[in-house]
Structure formats: structure tokens, C-alpha cells
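Please examine the structure shown below. The paragraphs that follow lead through its cores, its sheets and a few selected residues.

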Amino acid sequence: MAQQPLPSSVQPTDVYGGDEVSAIVLDPGYINTRAGFAGEEMPKQVLPSFYGHITSSNRDVFGDQAMYPRADFEIRNYMNRDSVVEDWDAATKIWEHALVNRLGIPRPTPPSKNGLNNKPKPAAEGEDVEMADEADLDETENYEKPMAENPLLMTEAAWNSPKQREKAIEICMENWACPAFWLSKTPVLAAFAAGKATALVLDVGGSNTSVTAIFDGMVLKRSVQRSPVGGVWLSSQIRSLFEASEPKVEVVPTFMVENKKPVEAGQPADARLKTFDFQISPSFRAYEEERVLKEFKESVVEVWRGPGRYLAPGNEDYAKNLPGRVFEMPDGSNQMWREQRFKVAEGMWDDNAAFPSATEEGKITKAQTVPGLIKAALDSIDVDVRPALLANVVVTGSTSLLPGFTDRLNHELTAMFPSVKVKLHAAGLSSERRFGAWIGGSILGSLGTFHQMWISRKEYEENGPGIVEKRCK
Amino acid sequence: MTSRDVHDVLNLPSDHSGAPRPSKKQKTSAPRPNLKGLAREVQNLGGDNPIAIVPEVNFFKKRRFATRKPVAKWELKAFTNSARGDDGALVLRHWKRRTDDGAPPVESAQDGDGQQQRGGGEGTPASGKREEKPEDSAFAKYNVKVVVPHYTEDQYHSNLQNNDWTKEETDYLLELAKDFDLRWTLIWDRYDFTPKPPGSGGDAANGEDTSTAVVPAPKQRSMEDLKARYYEVAAKMMAVQKPAQYMTRPEFELYEMMQNFDPEQERKRKQFALNTLSRSKDEAREEESLLLEVKRILARTERFNEERRELYNRLDYPATDSDINSFKTSAGLQNLLQTLMSTDKNKKRKNIMPGEGVSPSNNSGVPNSAVSETNPANRRESIAASATSNNHHHHARRDSDARTPATPADPTPTSAAAAAASAANKKKGGGTQQQPERRKLTQQEEQVYGVSYHDRLGSGPTFRYEKINKLYSHKSGQQQLRITNALSELDLPPRLVMPTAAVTAQFEVLWGAVTALVDLRKMSDRLDGEIKIEEAKKAERDRAKGIAAEKEGEKEKGEGGGGGGDGAAAGDGEKAGEKTGEGGQTKEDGEKKRPGSSGSLSAAGHKRSASVLSAASDKSSKRQKK
């Protein structure tokens, strides 16, 4: 149960309009799936959206601790690169794993078994009792299902299709018997987390970067812009950088290394690699390599802060003189990274600066860069709201945690809209940036005024899954 | 170790050494001698820095047994939200402080739990005293909805037809407006009307089934289009429900506002906003600086105006045209003062205060004589004042007060005088003691009693015909002659036989008209003469050049005659024939003596004009007589 931080003499509703009904917030993303109780400040459970599939026994395993090298082990993701659920079976399982097994939502005991109805009853009410018993029998079925007591608030990408949304409510109602359900779009919730009802949300996530205008707590559909320029794309840029650097940098994931010795910078690694008596699937290796690259992103990559682009004359020379950062690969080879660490992230801002990508989807156009997205989003909406949006730019998503990201964004925006006041709102706490949408959902789900919005079970039963389209606009 | 020691070790300059330290030392050393035995030894261990000795406290807080209350009890209570509009089908539970009605909370919570989805708490047989329904959410009251106009089919057909909009689309628009609480940005964003989609129109089809197979492509609606249509519908429905004349003020204002919505203007405004947004940095900066400049200029002009007004106030004194040189010397001023004082004494004015200094009455001898005849307004005022009452004397005095500092003989009515006059009039109307006694006569009464008001009255009796004679005296002899000629043509004697007031007045009017006519005639004659002279000059020039043939000369003469004819035509049509004859005459001798001809012409013109004039004035005066 959510905590009650206020003194008991004060009713919470008097203070912040909260009314906690132990709702659950589920925020699935390409990299992570977040789950927790509404009203809390952080998601209790953050588990990778990647899951392991053991081909031999046709079994799925979830969670970080299950991801170790095994035989016949593949890594899959139930989401696709568009941040839309692809594999609904796996999604159901992984969500249930997160909510029931990990979050520990208690399964309610049916009233017939909880011992509270065992009192002697007056004889006059005998008929009523029988009816109640019958009702109980119906109920029992629901009590076998998890989460029969907890309303569920789920998030979705702004471009989610109606089919997907209907599927989501179906799972919630049919599989878990939730009493109520709500589907909210991530940028809206990110704006709520920043305390804004009207905002321009820049969400630089794992697989996508999206720009969405939020007006009065609703997505402006015309403004939704997205591009693959996110964490995964940045990883591919880092791979390109490694390919291009001299000598080539090999990415050896941690699980391969049995033992390593320290070497001088720029020297080849001196490490003994593990050998496995089974085949390591490419997907698992890629997943593990991604973890190394993630660490590289977190510790080395930096965004050129501006003013001006990185490619502008003089800037690169200046960057070369800045102190570099050393990164040691899991196999012990290490190297100092200087201007490259700026160059890698520059593709997000300037399509000319991006490393040439091997794959087609890795190439980006000018419109797919962050400034391009923002411009396109603003151009597609009414001119009257543009200044209000620019005064409330909410930056969220973990890739926006790259050092210098907000500085650069500020420079780009003020250069693009010189006559408008631009104000960025980027949470200082990294977890608030990472879980922006979840936190917004947590706020929304614990608001007293929100409880009239829920799609109740009854409504679902009367209208079918189509109701989600009608209600969650 | 103290901070100073640290500084020493690190070779840092001790920034604020000296003064504070010795005092601190003294402070710490002061209690030391009081310690005895072990305590002192322990104290000494600390050296310079005494060891902080915290007294051991083995209880945290005094327990307040007296005010202790039992632990607050909370219960998981079911509640519904009436704003949902589903009759409490959704029962959620939250923790609430238990109220004091003493019922066991757990049971009710479990009951609510049991009936969670199937709605209603009827299955609570065990505890009969509990109320059946879970309580309503405290937040239900915040649910507000906008009012969107409704119309029936008939109303739509009679009032809301529009070529551009089908009923389906209008329905769709209103539904969106309701859904999004009139937030136009959202309405426009989500507006996606596809006319009669066969499959996907679940929400757009409002029970209307028009079997139109041919559907136009969905129109691209701008936000202004949507607003214009909505306001049109809303205003019309408002008027249908309540005619405009019965609306309350705010209602009518809303109605008018909606009626006057101009999408075109809105569009222009947006275009302007767009341009403003897309300004470059330099432009923005320039505009900012310009705005600042404007503000500064405005502030400056305001100050400047203030200063100028002040200056004008200082400079504002009654101007004078007459010679004030005699008063410029101190002796002259003294002289003036003496004169004024003496006249005051002569008049024996009692209400004059010595402090008021130079304040002569206007009807006193000196100023009155100084006031020339060209200042009727001023004199009128003073006479009226002296004629009415003492009070008015006062006003008149003040009136002249305003002028006297410059000159007592102020020939022009200044603004101050006018103001004083109006003030006096006001006072008159305002009712002093004497005022109510005089009855205000109506116009009829005035006529009956023969009451008349005069600008001025000379001293002693005068004859009315003298007044008439006076009119003549201003004119020159020739003019007088002409006027008498004109009058005699009208069969009017130069001296009126029976100069009653009415006749004199009428005569004055007539006389004025005659004078004006004479003046005009004079003017026109002069112009005629000048024209002739110029023409003659021109002819002379042409001849001198030798270019002009004889024919041309004749032509010129013809023109000359024509010119004469024109002048005559201006006078009267009757005399045209005679005049042309004259013109012909002049033409004959015009060849020989050119310069002279113009003189004769003008003379002829004169003669003629006099007769013409007399004829004209004859008519007019006859008309007047009637």
C-alpha cells in the first residue's frame, strides 16, 4: 500500500487532491518495462523488455538475473523498435511477471474463504444469503485472477494503433480481471510528471526520439513526430565509431571475459576469453554488447554544447583540446576518447555529422534530427499555442541524460525561435528523467479527480474493447 | 588543532587572524579554573579545543500521558464517483480515517470488496446498520462540463442550413466540441470528418442515415472554419431559445460576440502571429529596442507637455494692443494707482478691501472713459453689472481686475473678461438675493410690454432717426448717394416718416442689404474695369508685334464686346440689348483711341450697373416689404 506521508490528522484530499486507490501503473518501453503503485515516486519494478527464450524447452525467462549464457538461449523483445507491443503473448507474460511475481500484488481471497462472513446470520435474511452465495461463486472465478483489486493505468506510445490499445484493455480485463483500466500516452504523462498540462515533450528514449505537443493534458495528434534517433541508434553510431577508429575497437561483452590483465592505453587486450560448450546465440551476444555500449554512452559520450554545431569551423579543434575520457573495455583494452565522444552524438542534431551507417534504418535525414523534429512538430500545430509550448519544453527519456544535451537543446531552440521565450524543463534527478512517463502515471493514478475517468469493468463488459478508443482520447 | 593550525600546516595565509582569536581563547579559558580533579584532567586533554561533552540524556521526550489519545484508526473504505455517471458501477477503495460511529470498519470494506464489480453493496446482510451505498467521492464535484448547443432536426432545417456544412458534419463538430470542452486547438487537431464512412464511422454516425452514395472528399477545415460554424450554430440556437431582446446582458454580449466572429480577421491575426514568430534575432532585437525608444519618447513628450503647460500658465496674461509705456515707469504706476484709488473713493464703494490693491470699478470715471467704443462686449458687461446690483459690481470689478494690471483701457475682450462675464452670468442664474424678485418675462410678454434689451444706452433721450442718420455718417459721400438712390428707387424716403422700433429695425436690415449690394457692385465694376484694361493691353501688345491682321483685331473687338456682354449678363438680362449696343459703340471708336476706350467702357459699366442694381434691389426690397 502506498505510504501516507502526512500526519493522520490531516486528510490527504485536503492537501494535494490525492486519493489513492492502490492503482498500478505499467509503463512498457523498448528497453525497460516499469511497474509500480500509483502515488509512489519511483517504479518499484524496472525490468528489461528483453526476455530470454529457451528454444529447447520453449520457455520464456524474464528479468536481468535470468540473462546469463545458457544453451539454446535467445534474447527477444516483446516490443518493436517503434515502441509498440509486437508479441502479445510474451507481453502478457512479462507484464504478469512484473506485476504479480515481482510487484507482489496479493491475490484477493474470495469472501467465501476469508472468514469474515462466517458470522451467524439472522434467519430472516436467509434468502439474501443464498443469493449472495451465488454471486460469490461467480466472483470466485475472478478472484483466481490476479489484480482483481487494483485498477491498472497503462502507458502507450503516442502513435499506438487502435488495435493495440484494444488488445491492451483486453488483457487487463480478461487475464487479470482488473476493476478498472486506463490507457494514457507517454508524453502526456511525462508532461504531468513535470507538472505541466501544456507542454512540448521531447522524449529521447531507447529506440525512439519523439516530439509531441501536449495541450491541456491531451496529445495534439498532428504534432507527433518521431525518429529512430535514440539510445539504440546512438549505439549503432558508437559501433560505427569503433569501426572507423584506428585501430579498430572490438566490443567484447563482459560474459566472454574470463580473466584480463591491465594493458597500456591503445594496446591490444590481454585477456583470456571464456569458451562455452554450447552455441551463444547472436541475439544474446548483441544484447550483451549493447550493455557494454550503454556503459560507454553513460561514461564517455557527450553532446557538443554549442553554441553552433560541432562541425562549425573551429569547434572541432576546440573539442580536441578538451580533456578526454578513458574507457576500458571488459577485456581490459582501453583508450582515451577525445573529440570522438562529441562527434558520436552530433548526429542527433546535425545529419551531416552522423557516422555513415551500414544499415538503411541507421541513416537519418535532417527532419529526423532533434531540431528537425521540434520544428516539424511546431509547424503542424496552431500558431497560437506555439509560444506556450516553447515556454514549456519538457525533456525526458534516458538518452537525454547525455551530458550537455539540454545545453545544446537550449542553444538550438533559441537559435530557431529567437523571438520566443524558450524554457526547458528537464528533471535534474536522473531517475525522474528515466521514468518520466511512469511518474506522471503515478501522479495521475493517485489523483482524486482522475477516478471518474477509469474505464470500469462494467463499461468494458457492456461495450467491448472498443471503449478504449472512445474514452482514452 | 584549530583552524589556525590547519592554516599553518598548509602554509596558507591566515586570512582573519588576530582579533577574534584572543577573545575566543579568553572565553574558553574562563571556566577552566572551576573544574576540579578528574574533570580538569579530562579538560586538559583537549588542549586548546575543549572536548565537547554532551550530557547523557536517556529519554527522548517527555511522554505526555495526559493528552495521549488512542491511535488513529484507518479503514479501507469503498467509494464511488458520481461524476462517472454509471450509477456507482465502479467501486474503488481507499484508506480513510475511521469515523466515530463505532462500526467495525473491516467488515464494510470487505463487503465493498466483495461487490466490487457487480455493483452496489446490497450483499451486506450481516451489518444492517451500515448504509447500503458506499460514499461518493469528494472529487465528484469538480466534474464540470461545457454547455454545447443542442438542436432538433426541425430546428436545424429551419435555422442552421449552410451550403458548406452538412448536418452530419455539424453534428460531428458539436460532438467534438463537447468532448474536448471547446478547446479549439484539440478540436482542430482531432477533427477528422469523413462523410458517411461505411465501416469506421461508428462514433461519427449519430443515428442519421442518409443513403448518399456519392460522398465528397473530406474537406480540409481550418480552425477558423470550425469556430465560425460553431459560433454560428451556437448564436442561432441561442436566439432561437431566447430572442435577443430578452437576453440578459452577459448573454447578449456572448451572443453578439459569437455573431460577430470574423474568421477572416482571425486568419489574418494568425498570419501576423506567424510572422512575429518567425522574426530573426536581429529583427526581434530591433523591435525590442524600437519599442523601448517609443516608450522613452512617450515619457519624454509627457514631461515636455507638462513643462510647456506650466510655462504657458506663467506666460498667460491678458494681452494688450494699446500703449502701456506710460505705466512702465514706477511713477506712471503710482499715478495710475492714485487715479484708481481716487475714483474708488469718489464712488464710496464700501466693500472694497485695501488688501485688494488696484481694483477700480468699471463704471468709475477713468476706466470708462478709457474704454473705447470698439469694446462693446466689455462695456456691455460692465453696464449690465452696474445696472443690476452691488453683487454685479463686484463681478464687474473682478472682471476689470483681471485686466487692470496690464492696462485699464483694454480694448479687446480677453478670455479672462469672457470668463468673468460667464461667471457673472452664472452667478446671476445661480440666484443672489435680488435675483428671485425679478420675474423672467416670456417672449410674448416682452412684446406686449415693449420690453427690449439694448447693447448700450447713451445718456439722455435719443431719437430713433438719429440712429439711422448715424448709419450714413460712416459712408463716403458717393456711397451715401448711391444708397439714397437705391432707396429712392424703392420709394423709400431717406428719412423714415414713422420710425417705430419695428420699422427702424426693419430699415436697418434693408439698409444693410443695400449697402452690401452697393459694395458688391463696386467690386464687380472694378473687376470689370480691370478685365477691360487687361484686354486692351493685350490687343495693344498684339498690334505692336504686328502679327495680328486686321481681322484679328476685329475679332478682338468682338471679344471685347462679348466681355461687356458677360458683365451685363451677370447684372440683368433685360438690359442686354442696350449693353450690346454700347459694346458696338465702343468698338467703333476703339480702333482710334485704345487707352481711352477702357475708361469709357468702365464709365458705361458704372451707369448701367447702377440702374441694374436699382432694379435688383427694387425687387428685393419689395420682397422685404411684403
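The largest nonpolar core of this predicted model has 82 residues, and those with the most contacts inside this core are Phe242(A), Met348(A), Ile374(A), Phe405(A), Leu409(A) and Tyr230(B). A nonpolar core is a set of buried Ala, Val, Leu, Ile, Met, Phe, Trp, Tyr and Cys residues joined through side-chain atoms within 4.5 Å. Buried means under 20% relative accessible area, exposed over 50%, and partly exposed in between, with a 1.4 Å probe and protein chains only. The greatest contribution to this core, nine residues, is made by helix 8 (residues 223–241) of chain B. Helices (H or I, at least four residues) and strands (E, at least two) are DSSP runs, numbered from the N terminus. From chain A, domain 2 (199–228 + 365–426) and domain 3 (231–353) each supply at least three residues to this core; the domain bounds come from an automatic or database domain assignment. In soluble globular proteins, nonpolar side chains tend to be buried together.

Residues are numbered from 1 along each chain as its sequence is written, while chains are lettered from A and ligands numbered from 1 in the order in which they are written. As the model is predicted, local features need pLDDT of at least 70 and side-chain atom pairs count only at pLDDT 80 or more, whereas totals for chains, interfaces and linings use all residues; side-chain values use heavy atoms, with hydrogens and water left out.

When neighbours within four places in sequence are set aside, Ile374(A) is in contact (heavy atoms within 4.5 Å) with Leu200(A), Leu202(A), Val211(A), Leu409(A) and Leu413(A). Another core, of 71 residues, lies apart from the largest one, and Phe50(A), Phe62(A), Tyr78(A) and Val257(A) are among its members.

The sheets come next. In chain A, six strands form an open sheet with mixed pairing, in the order 3-2-1-7-8-19. Two strands pair if DSSP finds at least two bridges between them. Strand 3 (45–48) and strand 19 (455–456) of chain A are the edge strands, each pairing on one side only. Strand 8 (residues 180–185) of chain A runs antiparallel to strand 19 of chain A and is joined to it by two bridges; here Ala180(A) stands opposite Ser456(A).

Elsewhere in chain A, strand 15 (residues 325–328) and strand 16 (residues 334–337) run antiparallel, joined by four bridges, and Glu328(A) faces Asn334(A) as its opposite residue. These two strands form a hairpin with five residues between them, and Gly332(A) in the turn has a positive phi of about 100 degrees.

Chain B has an open sheet of three strands in the order 2-1-3, again with mixed pairing. Its edge strands are strand 2 (92–97) and strand 3 (135–136). Strand 1 (residues 74–80) of chain B pairs with strand 3 of chain B in the parallel sense over two bridges, and Thr80(B) stands opposite Asp136(B).

Finally, consider Glu169(B), which is found in helix 6 (residues 167–179) of chain B. Glu169(B) is buried, with a relative accessible area of 6%. Not counting residues up to four places away in sequence, Glu169(B) touches Tyr191(B), Phe193(B) and Arg221(B).
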